[in-house]
Amino acid sequence: MKKIFPLVIFLAIAVASVAQGKFYTKSGRISFYSSTSMENIEAINKSVVALLDTKTGDLQFAAQMKGFEFKKALMQEHFNRDFAESNKFPKAEFKGQLSNNSQMNYSTNGAYAAKVKGTLTVHGVSKEIEVNGTLTVKDGKVYLTSVFNVLVANHNITIPKLYRDNISKSIEVKVDCTLVAM
Amino acid sequence: MTKKKIIVLAILVVVAIGAWYGYSEYNRKNKDMKHAKPDFIISATDLIAEFASNDSLAAAKYNGQVVEIGGRVKAVEEDDQGYFTVVIGDSTSLSSVRCALDTIHHSDAALLRAGSSTTLRGACTGFNKDEMGLGSDVIINRCALIKP
């Protein structure tokens, strides 16, 4: 029994340190919506890579622009060719931090308001952003969700006159990622 | 029929065809990959190697094209909303070809088992270079199973 006790402590520490490691996904979802009186446009990317370091609160996202799927093929082609210029700028990226990482408890189930600050790079233009979201710890997984708006002008994306009534100047971005321990 | 009538009729036909073309183009859906003609037929390991050696050259060649990928299934992943991703490649390597199944072909996932060889067809979407220590992946979207 005396020998088992230190072993139990050792195991408990080992489990706790796993719970304080890195979490990731390669199939995160990011979607965006543009709504105007003329039409609603919606696209979803289901192959988003995300990495969260629970020790430091470092948070990264990467999404292929061509990975955004639209219901209409023509919209997808216009998006890649005329707006996102996906051949020139294939990737969208976010690098930042959970500014209130110390308030998270990754070892027990619970939901927390998350504040995220960092650099969003879209269309080759980097912009500092600060967004609010929810971080949920459930059965060893970390769920990250957030809804925020991005102004297309902030990323040097110009909308041709012809589409000006069809595409919103402010795009709603929705993040929905389930991260598992590395 | 007078000449005038014929001209009016011809204009109407042209306008109707134009309207029909515009309407169907506006509502055009993405191609079903099950019946799309592949631009490239390549093994998963060769595709990964090509992207790894020069990703901008490979991106110019493959991105947006219909590719047919052959290889060994490493895993079939289902996310919490029921979207499937088939991971293909060398099981000893962190890098893979990640094929997201088209929602209309979700039933294909049941036919796949880890360790078996398979062929899938989809739209090449891009390459996630390993910048986070998670391995590099080629992303293929809207995939359909060609050979289980």
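# A guided look at chains A and B

**View 1. Chain A from end to end.** Read along the sequence, chain A follows the pattern α-β-β-β-β-α-β-β-β-β-β. That comes to 2 helices and 9 strands, where helices (H or I, at least four residues) and strands (E, at least two) are DSSP runs, numbered from the N terminus. What you see is a predicted model, in which local features need pLDDT of at least 70 and side-chain atom pairs count only at pLDDT 80 or more, while totals for chains, interfaces and linings use all residues. Residues are numbered from 1 along each chain as its sequence is written, and chains are lettered from A and ligands numbered from 1 in the order in which they are written. Buried residues make up 32% of the 182 residues in chain A; a residue is buried if 20 or more other C-beta atoms lie within 10 Å of its own, exposed if 12 or fewer, and partly exposed in between, with C-beta atoms placed from the backbone. Among contacts in chain A between residues at least 6 apart in sequence, 58% join residues at least 24 apart. Two residues are in contact if their C-beta atoms, placed from the backbone, lie within 7 Å.

**View 2. The largest nonpolar core.** This core holds 34 residues, and A:Val48, A:Ala50, A:Leu52, A:Val142 and A:Leu179 touch the most other members. Strand β2 of chain A gives the most to this core, with 6 residues. Apart from it lies another core, of 28 residues, with B:Phe51, B:Val67, B:Val73 and B:Ile88 among them. A nonpolar core here is a set of buried Ala, Val, Leu, Ile, Met, Phe, Trp, Tyr and Cys residues joined through C-beta atoms within 7 Å. In soluble globular proteins, nonpolar side chains tend to be buried together.

View 3. Look for A:Val48 in strand β2 (residues 40-53) of chain A. A:Val48 is buried, with 25 other C-beta atoms within 10 Å. Leaving aside neighbours within four places in sequence, A:Val48 is in contact with A:Gly28, A:Arg29, A:Ile30, A:Phe61, A:Ala63 and A:Cys177. On the same terms, the contacts of A:Ala50 include A:Tyr24, A:Gln60 and A:Leu179. From A:Val48 to A:Ala114 the distance is 19 Å, C-alpha to C-alpha, and the two are 66 residues apart in sequence.

**View 4. Two residues with positive phi.** Most residues other than glycine have a negative phi. A:Asp139 has a positive phi, near 45 degrees, and sits in the loop between β7 (125-138) and β8 (141-151) of chain A. B:Arg142 also has a positive phi, near 55 degrees, and its place is in strand β6 of chain B.

**View 5. Chain B and its outline.** From the N terminus on, the elements of chain B run α-β-α-α-β-β-β-β-β. The radius of gyration of chain B is 21 Å, well over the 15 Å that the globule rule gives for 148 residues, so chain B is more spread out than a compact globule. This radius is taken over C-alpha atoms, and the globule rule is 2.2 Å times the number of residues to the power 0.38. The C-alpha trace of chain B spans about 80 × 35 × 25 Å along its principal axes. Domain 1 (1-30) and domain 2 (40-147) are assigned in chain B, with bounds that come from an automatic or database domain assignment. The C-alpha centres of these two domains of chain B lie 42 Å apart.

**View 6. Helix α1 of chain B.** Helix α1 of chain B has 24 residues and reaches 34 Å from its first C-alpha to its last, close to the 34 Å expected. That expected span is 1.5 Å times one less than the number of residues in the helix. Of the 24 residues of this helix, the number buried is 0, so it lies largely in the open.

**View 7. Where chain B touches chain A.** The contact takes 24 residues from chain B and 19 residues from chain A. On the chain B side, α1 (3-26), β4 (96-101), β5 (117-128) and β6 (137-147) each supply at least two residues. The residues of this side of chain B divide into 7 nonpolar, 9 polar and 8 charged. Here Ala, Val, Leu, Ile, Met, Phe, Trp, Tyr, Cys and Pro count as nonpolar, Asp, Glu, Lys and Arg as charged, and the others, Gly among them, as polar.
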